[in-house]
Amino acid sequence: MNKKEDRRTENHRSEKTDANPGQGQHRRNSKASAAQRSRRRMIVCVAIAMVLVLALFLYILGERYFRTHYVWGTTVNGNSVAGMTVEEVKESLAGEIGDYTLVITERTGDGGTTEETITGTEIGLTLTFDDSLDTALEEQADGGWLTRLGTKKELEFSTMVEYNEDAWEEKMDSLQCFQEDFVTKPEDAYLSEYQEGIGYEIVEAVAGNQTNQSKVVELLAEAVLNLEETINLEDYDCYRTPAVTSDDESLTELKENLEKYTDVVIT
């Protein structure tokens with residue numbers, strides 16, 4: 001009797017299943033969809049977590065690196081210092097000082113021009129820095145470097161250029177513009193001796209090339225401390241000039257008066 005009842009129950013369940021085949025399939029599809037959504041959510045979560053971990057790693061790496069190195073886009077005197085430390089920047093600038101040369105354009109005795117130079121190594125030129133370079137690095141700390149990425153920043157800082165006093169004096173003493181065999185002193189214009197058939201002539205002044213030495217030394221020192229590369233002494237009135245030139249009114253008047261006297265015929 002029990003076996004018969006069991007068979008009836010199984011047949012009844014089978015009939016229910018056969019009567020609603022779509023309902024079972026729907027349940028199976030729902031379970032599959034839920035599993036797929038769960039897997040997708042898990043993949044998204046894992047991806048987000050990986051991105052966050054990577055971002056954190058890069059931030060920590062950048063924070064450590066840019067505490068001692070300048071960010072990209074940082075320049076000093078127009079030159080990029082990206083990825084450089086303070087000491088590397090100072091060494092680079094010091095190297096430029098070592099290569100420094102001032103070209104001096106001077107007048108020759110015959111009115112032409114010549115050049116001579118002063119180099120940084122000859123006068124022991126050195127640089128001293130304020131704390132601006134260190135301050136710029138401190139501003140990059142605690143995430144400050146993030147706001148500077150992709151932007152340009154020109155560092156402004158004060159430097160003090162110094163030269164060795166003994167080397168400077170030695171160089172000044174050796175400049176050709178101060179040497180006696182190079183210098184032509186200025187000469188005033190004057191009247192020539194009377195010449196028969198010609199009369200008196202005004203002899204042109206000689207400009208020469210004698211400098212005001214103290215003025216030149218002061219001018220060159222200022223040029224060096226400002227790291228100027230060229231200087232022309234003519235532009236700064238460094239040369240001594242004749243006291244009397246050919247267009248001097250008193251000289252012209254004297255000439256005219258003398259010529260009047262020579263034209264007088266004594267009878």
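Leu149 sits in the loop that runs between α5 (144-148) and β6 (153-155). In this predicted model, Leu149 has a relative accessibility of 33% and therefore counts as partly exposed, since that class lies between the buried limit of under 20% and the exposed limit of over 50%.

Leu149 is one of the residues of a nonpolar surface patch of about 580 Å². Helix α2 supplies three residues, the largest share of the nonpolar patch.

## Positive patch

Helix α2 covers residues 21-65 and includes Arg39. On the surface, Arg39 gathers with Arg37, Arg40 and Arg41 in a patch of positive charge.

## Negative patch

A patch of negative charge on the surface is formed by Glu87, Glu88, Glu91, Asp131, Asp134, Glu138 and Glu139. Two elements, α3 and α4 (132-140), each give two or more residues to this patch.

Asp131 is placed in the loop between β5 (126-129) and α4. Its relative accessible area is 51%, so Asp131 is exposed.

Leu93 belongs to helix α3, which spans residues 86-98. With a relative accessibility of 6%, Leu93 counts as buried, because the limit for that class is under 20%.

Leu93 and Thr126 are 33 residues apart along the chain, and their C-alpha atoms are separated by 9.8 Å.

Conventions:
Residues numbered from 1 in each chain as written. Predicted model: local features only at pLDDT ≥ 70, side-chain atom pairs only at ≥ 80, totals over all residues. Heavy atoms only, no water. Patch = residues over 30% accessible without salt bridge, like charges linked within 9 Å, V, L, I, M, F, W, Y side chains within 5 Å. Areas by Shrake-Rupley, 256 points an atom, 1.4 Å probe, with all protein chains shown as cover. Salt bridge = Lys/Arg side-chain N within 4 Å of Asp/Glu carboxyl O. Lys, Arg positive; Asp, Glu negative; His and termini not counted. Charge placed at Lys NZ, Arg CZ, Asp CG, Glu CD. Helix = DSSP H or I, 4+ residues; strand = E, 2+ residues; numbered from the N terminus. Buried < 20%, exposed > 50% of the residue type's maximum accessible area, 1.4 Å probe, protein only.
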